Amino acid sequence: MRTIWHAMRLSMTLRRKNRNGLMRVTRARSKAAMQVALATCLAMPISIAMASVASAHVKWFVTCEPSDIPIPLQLVLTGRFWLFSTLFILLFYFACKAEQMAVGALLTGLLDRATSFLRDRADVLLRAVAAVSFSLLWADGTVVLAPELKGNSAWLSAIQALIPLYLAARPTLPAAAAGIIVLYGYGVATFGLFHMLDYLVFLGLAAYFALSVTDNAKVKALRMSCLRWGVALSLLWPAMEKFLYPTWIAPIAIMHPELTLGFDIATVTTAAGVVEFGLAFAMFWTPLVRRLGALALASLLFAATFDFGKIDAVGHLMIIAILLAVVAEPGAEAACCRPSLAPVVSGTALLAAVFLYSGGHTLYYGSWRTALVPIMCGTALMAVISLYLSGGAHAIWRIVTQRAGRSPLERGASDAHIAGP
C-alpha cells in the first residue's frame, strides 16, 4: 500500500513538473514573440522612411552619367560611414545569433506557414510576373529592360513580345531565357558592361527559366540560387552609388523631404547605402536571415512605389516577385555561415564592395594604373572572406600560435625535419 502511495505521489510530481515546464516554454515563446513584434513596430516606420531613398533606383529619376568620376574614397570612409557600418554589423550578428535560438525557430515556423501557399506556386508567379513585365516593355516601345535603358528597334520589340508567349509553356522556357539574354547583351553593347551590372537580376532570371525544364532536385535548388544571387547583386551593387555618388541622391531627397526624417542629406545618403547593402548581403547568408532580408526589401520596394509612382512600380515588379519567391523558399543552411563569422564577413564585404566598385569604375572608364590600388584592396578583402568561410584563417592561426608556443630549439628541429637531408 505504501509503495502504491509513493508511486502515485511520484506520478503527480512528474506531471506537475511537465506542466510547469510547458508553461515556462509557452511563456518564453510568448515573450519572444512580443519582443519581436515590439522591435518590428518600432523599427518598421523608421526603416521604411529612411530606406525608401535607398529603394528608389536613382538612375530612373535623376539624369546620371555612369562615366562620372566618383568621389575619393577618403570622402567615403568618414566617421558617419564607420558608425552606420558598425550598427549594421551588430544588427547582422544579432540576427544570425537569433536564428539559432527559440525566436529563430518561431520566426521560421511563422514564415513557413505564411508562405506555404506560395512555395508550390513560385514558378507560376515568376512566369506570370515576367510575362506581364515584358508585355509592358513591349507596349511602351521605348525601353529595353529598365526605365533608363532606352531603345526602340523593331527587333527589340519583337523579342519583348515573344518572351511572354514562350513563358506560357514549360518546354519553351529556354527560348524565353535566350530572349532575356539577348536583351541584356544589347544593353551591354549599348550602355556598357559596368552600367548593366545593376541588372544582373535578368541573368539570374534567365538561368532560372533555362533550368526549369528538368525535374532534377539539385538543378531546381541551383536555379533558385541563381535567382537569389542575381537579385542580391542587382540590389547590392547600386548601393555603392549612395556612397560614391551622393550628388545623385540629393535631388531625390530634395523632392521628397519627408523621407529624410529631418536629417541632413549626407547622413541619409550614407544610411540608405548601408541599409540597401545590408539587406542585399543578407540574402547570401543562412535561410532565416536571407528570408527576412528579402521580406524587408520587398516591403521597402513596395512602400517606395507610393512616393515614386508608376515608373518605380513597373521597374521593381519583377524584383518584388523574385524577393517573394526567396521568402517562400526554406533552403538549406550553409555550414560555413556561422554566427561567429557574421561580423567579420559582413563588415569585410561592405569594404570590399566599396573598393571593387571604385576600382572597377576607374578601370572601365579611366586608367588601369589608378584602378590598381582599390582593386587590389578589394581583392585582398575578398580573399580574407574566403579564408574565413573555408576555415583557412583558423588553420593558419593555429599553426602560428603553435609555432609561437614552442621554443626556438624545437622550431629549429622541426624546420630541419621538414627540410630533410
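These are my notebook entries on a predicted model of one protein chain.

**Ground rules.** I number residues from 1 along each chain as its sequence is written. Local features need pLDDT of at least 70 and side-chain atom pairs count only at pLDDT 80 or more, while totals for chains, interfaces and linings use all residues; side-chain values use heavy atoms, with hydrogens and water left out.

**Overall fold.** I looked up the secondary structure and found 19 helices and zero strands. Both are DSSP runs numbered from the N terminus: helices are H or I of at least four residues, strands are E of at least two.

The chain has 421 residues, and 42% of them are buried. Here buried is under 20% relative accessible area, exposed is over 50%, and partly exposed is in between (1.4 Å probe, protein chains only). The chain exposes about 21700 Å², with carbon and sulfur atoms supplying 70% of it.

**Contacts.** I took contact as heavy atoms within 4.5 Å. Of the contacts between residues at least 6 apart in sequence, 77% join residues at least 24 apart.

**Ser 212.** Where does Ser 212 lie? I found Ser 212 in the loop between helix H11 (201-210) and helix H12 (217-244). Ser 212 counts as buried because its relative accessible area is 4%. Leaving out residues up to four places away in sequence, Ser 212 touches Asp 123, Arg 170, Leu 173 and Arg 223.

**Cysteines.** I checked for disulfides (cysteine sulfur pairs within 2.5 Å) and the structure holds zero. Cys 226 is partly exposed, at 25% relative accessible area, and Cys 377 is also partly exposed, at 30%.

How values were computed: Areas by Shrake-Rupley, 256 points an atom, 1.4 Å probe, with all protein chains shown as cover.
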